[in-house]
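Hi there,

Here is the structure I promised to send over.

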Amino acid sequence: MAPLVYLCVRPQVDAADGEYASFHQAMGVGESGLERWNLVDDDLPADAFERWRGFVVGGSPFNTTDADDTKSAEQVRIEAGLQAVAQAAVAGRTTALFTCFGIGVASRALGGEVTREYPEGTGPTGIRLTDAGRQDPLFGGLEAEFTALTAHKEAIERLPEGAVLLATNDECPVQAFRIGDRLYATQFHPEPTGVAFTERMTIYRNHGYFDADEYDTVAAVVLAADLDEPQRLLRRFAEIF
């Protein structure tokens, strides 16, 4: 069986290393069950949809809503690769789970709209499954309400055509959606433990996600959060697909 792959979209190598390790641990796959491809430096390979049976995409300091004339070559390459994966998943050629930054790229590629109207600060937030989410093959095994970690400056304004809203909350109405039965996307981060997330916070301390002087306070809240359900989502993804 072909392995799954983590698509790296973070220029910060230490943050990408930690995120890959978090996905690998949370998904519970074997040593060779989750490969890694760095879209920051390399285009998506021509045989991507034959080489890997499915894709997981993490976060990035980039934003989909950045003005096109300000986007670096790396960001343009990343967005092109993620768009190709999103389109292939909708067409049934592969399976994909986009998270955080990835949800914005996938949404825009498929005709949705992304905005900076629904940012969420760094730390735990409450997630509620919709009726569709409670009946979904992937999300339906989770608790109807659970805690997950967020840190984002943009979110979904309008879902792509055909998307099914799976999870929401009051601060950010689109927390997760599905298109067809092969493409999933979450605004929240399903992969990190509290410790891993605080390590990531250290790397992005001065990137505007939280007040750098409040690091210790924010980190304490993160470390106290119950994050079992988001990681169960990733284990189910690896099992189902």
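How many positive and negative side chains does the protein have, and how far apart do the centres of the two sets lie? There are 20 positive and 38 negative side chains, and the centres of the two sets lie 4 Å apart. Here Lys and Arg count as positive and Asp and Glu as negative, with His and the chain ends not counted; the place of a charge is NZ of Lys, CZ of Arg, CG of Asp or CD of Glu.

A word on the ground rules. This is a predicted model, in which local features need pLDDT of at least 70 and side-chain atom pairs count only at pLDDT 80 or more, while totals for chains, interfaces and linings use all residues. Residues are numbered from 1 along each chain as its sequence is written, and side-chain values use heavy atoms, with hydrogens and water left out.

Now the overall picture. The protein contains eight helices and eleven strands (DSSP runs numbered from the N terminus: H or I of at least four residues for helices, E of at least two for strands). Its radius of gyration is 16 Å, close to the 18 Å from the globule rule for 241 residues, so the protein is as compact as a globular protein of that length (the radius is taken over C-alpha atoms, and the rule is 2.2 Å times the number of residues to the power 0.38). Of the 241 residues, 56% count as buried; buried means under 20% relative accessible area, exposed over 50% and partly exposed in between, with a 1.4 Å probe and protein chains only.

Next, the salt bridges. The structure holds 14 of them, each being a side-chain nitrogen of Lys or Arg within 4 Å of a carboxyl oxygen of Asp or Glu.

- Asp66 and Arg116 pair at 2.8 Å, N to O. Asp66 sits in the loop between β3 and α3 and Arg116 in the loop between β5 and β6, so this pair ties together parts that are 50 residues apart in sequence. Asp66 is buried at 19% relative accessibility, whereas Arg116 is partly exposed at 40%.
- Asp170 and Arg128 meet at 3.3 Å, N to O. Asp170 is exposed, with 63% relative accessibility, and Arg128 is partly exposed, with 31%.
- Arg134 and Asp131 have their closest N and O atoms 2.0 Å apart. Both belong to helix α5, where they are three residues, or about one helical turn, apart.

Finally, a network of salt bridges links Arg10, Glu19, Glu191 and Arg200.

Best wishes
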